Amino acid sequence: KLQKQSMSVLQCVLVFGHENIVRFAGTDLDQYLQYEGVGSSTTATRLLVPYEVLVNAAKQADATGEIRLNAEGESWIIYPVSGALIAVPFPSLDVGEFPPKPSPEGDPITLPAGVLGAMNEALGCASTDTTRYILNSVYLDAHVVAATDGRQLYRRNSLELPL
């Protein structure tokens, strides 16, 4: 959804890393998604990269090559294509404008793998009609996972979650 946002800062992915960890974060102000993976960073770096620039680099880059970001001075994304390095400049945006990560209330719980599988199965019965917002979701409580589109119902019960 990032490329459809009206604010330019929301059309970007926040890339930040330190030493052997790289994180990618995106938000549309209703949802916040963060991915953490193995990577390398010579300095603690925070950089806003336009989503389209990052997607194009990922599609065009050699499968075994690495994608590098340079934030010193002008911002560049550098990646190999057929053995040659391509450097693409992109506009620098102020990282301070990126919305902060939301802080959930309460204590986190661990969901067993079976519950995550049930939630994934339930999504097959959830509505895709955007006007029926509540039916676009999966319901989860301490004893049941459920979803419906108004015509079919998915329900997995007998759960014992610490909710």
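**Exercise 1.** Find the bridge partner of Leu14 in β2, then work out how β1 and β2 run relative to each other.

*Solution.* Start with the partner: in β2, Leu14 is bridged to Leu48. A word on the ground rules before going on. This is a predicted model, where local features need pLDDT of at least 70 and side-chain atom pairs count only at pLDDT 80 or more, while totals for chains, interfaces and linings use all residues. Residues are numbered from 1 along each chain as its sequence is written, and side-chain values use heavy atoms, with hydrogens and water left out.

Next, the elements: strands are DSSP runs of E with at least two residues, helices are runs of H or I with at least four, and both are numbered from the N terminus. Strands count as paired if DSSP finds at least two bridges between them. β1 and β2 have 14 bridges, in the antiparallel sense.

**Exercise 2.** Which residue in the hairpin of β1 and β2 takes a positive phi, and is it buried or exposed?

*Solution.* Go to the loop between β1 and β2, where you'll find Leu29. This hairpin has 4 residues between its strands. Phi of Leu29 is about 75°, positive although the residue isn't a glycine. Now check the surface, using these cut-offs: buried is under 20% relative accessible area, exposed is over 50%, and partly exposed is in between, with a 1.4 Å probe and protein chains only. Leu29 counts as exposed because its relative accessible area is 55%. Last, look across the chain: Pro99 is 70 residues away from Leu29 in sequence, yet their C-alpha atoms are 7.5 Å apart.

**Exercise 3.** What is the strand order in the open sheet of 3 strands, and which strands stand at the edges?

*Solution.* Read the order as β6-β7-β8, with antiparallel pairing. β6 (139-140) and β8 (153-157) are at the edges; each has a single partner strand, so one side of each lacks a neighbour in the sheet. Now zoom in on β7 (residues 144-148), which has 5 bridges to β8. Thr148 faces Leu153 of β8, and Ala147 is bridged to Tyr154. The hairpin between these two strands has 4 residues, and there Gly150 has a positive phi near 95°.

Finish with Asn157, which belongs to β8. It is partly exposed, at 41% relative accessible area. Its C-alpha atom is 8.4 Å from that of Ala146, 11 residues away along the chain.

**Exercise 4.** Which elements line the largest pocket, and which classes of residue do they bring?

*Solution.* Begin with what a pocket is: on a 1 Å grid over the protein atoms alone, an open set of points that takes a 1.4 Å probe, with protein on both sides within 12 Å along at least five of seven lines; lining residues have an atom within 4 Å of a point. The volume is the space filled by probe spheres set on points joined across faces, edges and corners, and here it's about 770 Å³.

β1 (12-27), β2 (32-50), α1 (51-60) and β3 (68-70) each supply at least two lining residues, and β2 gives the most, with 10. The lining has 25 residues in total, with Ser40, Ser41, Ile67, Arg68 and Leu69 nearest the centre. Sorted by class, that's 13 nonpolar, 9 polar and 3 charged. For this sorting, Asp, Glu, Lys and Arg are charged; Ala, Val, Leu, Ile, Met, Phe, Trp, Tyr, Cys and Pro are nonpolar; the others, Gly among them, are polar.
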